[in-house]
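Take a look at the chain below. How is it divided, and what do its parts share?

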Amino acid sequence: MAHILVLYYSRGGHTAQISRAIADQIIANGDQCDVVNIHDTKQKPIEWDKYQAVALGACVLYGSYHKSVFEFVSQHQQALSNIPNSFFCVNVVARNPEKRIPENNKYLQKFLTLSAWKPQDVKIIAGKVDYPSWPWYDSLMIRLIMKMTDGPTDPTAIIDYTDWEDVKAYGNHIAKLAQVEFS
Ligand SMILES: Cc1cc2nc3c(=O)[nH]c(=O)nc-3n(C[C@H](O)[C@H](O)[C@H](O)COP(=O)(O)O)c2cc1C
């Protein structure tokens, strides 16, 4: 039985929910899985030796990622690279299936360019639009961007673009990564 770590950065909670769904699938496969917010790792350092694979997810905010994501991967790049590893990127541009192809997703490309950790494996997951729960200025800004890109602009819109079956498939994929001989 493998022990797998799912790390995440989430601002509004959706990436956290995706992380838990990945973990649920891994556990359903018979492996063990811990889900950890990267912000909690300061108080409780990660025991890297326990794990046979790691997936790290982050949501896209204004074309990039929260700086704590880059700080985290820079600080832990060696530990992340020592075991089978994957990065998953959550954004709403990926509501368009073409933008779920790594080469076509500028946010994923940006991460690969800026990150000190070069993940072995990558995944793009469509996120959630939740205008009512976002601060008014964020809601306004995203609605303006959506207007230019033919997306939803209704301020009351809550739209979950995540393909939850695909999230389960990604959980299975991570479980398989943990089985592969890694050096
Ligand atoms: C302030 C803000 C900025 C965002 N910027 C982008 C963006 O530039 N591109 C994009 O595709 N999605 C963008 N999104 C959408 C988020 O990536 C998406 O809502 C994701 O599901 C948020 O995950 P979270 O709930 O874990 O924070 C933005 C969302 C917010 C709230």
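This report covers the domains, their interface and the nonpolar cores.

This is a predicted model, in which local features need pLDDT of at least 70 and side-chain atom pairs count only at pLDDT 80 or more, while totals for chains, interfaces and linings use all residues. Residues are numbered from 1 along each chain as its sequence is written, and side-chain values use heavy atoms, with hydrogens and water left out.

The chain has two domains, domain 1 (3-127 + 164-179) and domain 2 (129-161). Their bounds come from an automatic or database domain assignment. The contact (heavy atoms within 4.5 Å) takes 8 residues from domain 1 and 14 residues from domain 2.

| Feature of domain 1 and domain 2 | Value |
|---|---|
| Separation of C-alpha centres | 24 Å |
| Buried area between them | about 810 Å² |
| Share of that area on carbon and sulfur atoms | 51% |

Buried area is the accessible area (1.4 Å probe) that two parts lose on being put together, summed over both. In domain 1, Tyr62, Val92 and Arg95 lose the most area to domain 2, together 62% of what that side buries.

The interface holds 1 salt bridge. A salt bridge puts a side-chain nitrogen of Lys or Arg within 4 Å of a carboxyl oxygen of Asp or Glu. Arg11 and Asp138 form a salt bridge through their side chains, at 2.3 Å, N to O.

Now the cores. A nonpolar core joins buried Ala, Val, Leu, Ile, Met, Phe, Trp, Tyr and Cys residues through side-chain atoms within 4.5 Å. Buried means under 20% relative accessible area (1.4 Å probe, protein chains only). The largest nonpolar core has 49 residues. Ile4, Leu7 and Trp48 are among those with the most contacts inside it. Another core, of 6 residues, lies apart from it and includes Val92 and Val129.

Methods
Buried means under 20% relative accessible area, exposed over 50%, partly exposed in between (1.4 Å probe, protein chains only).
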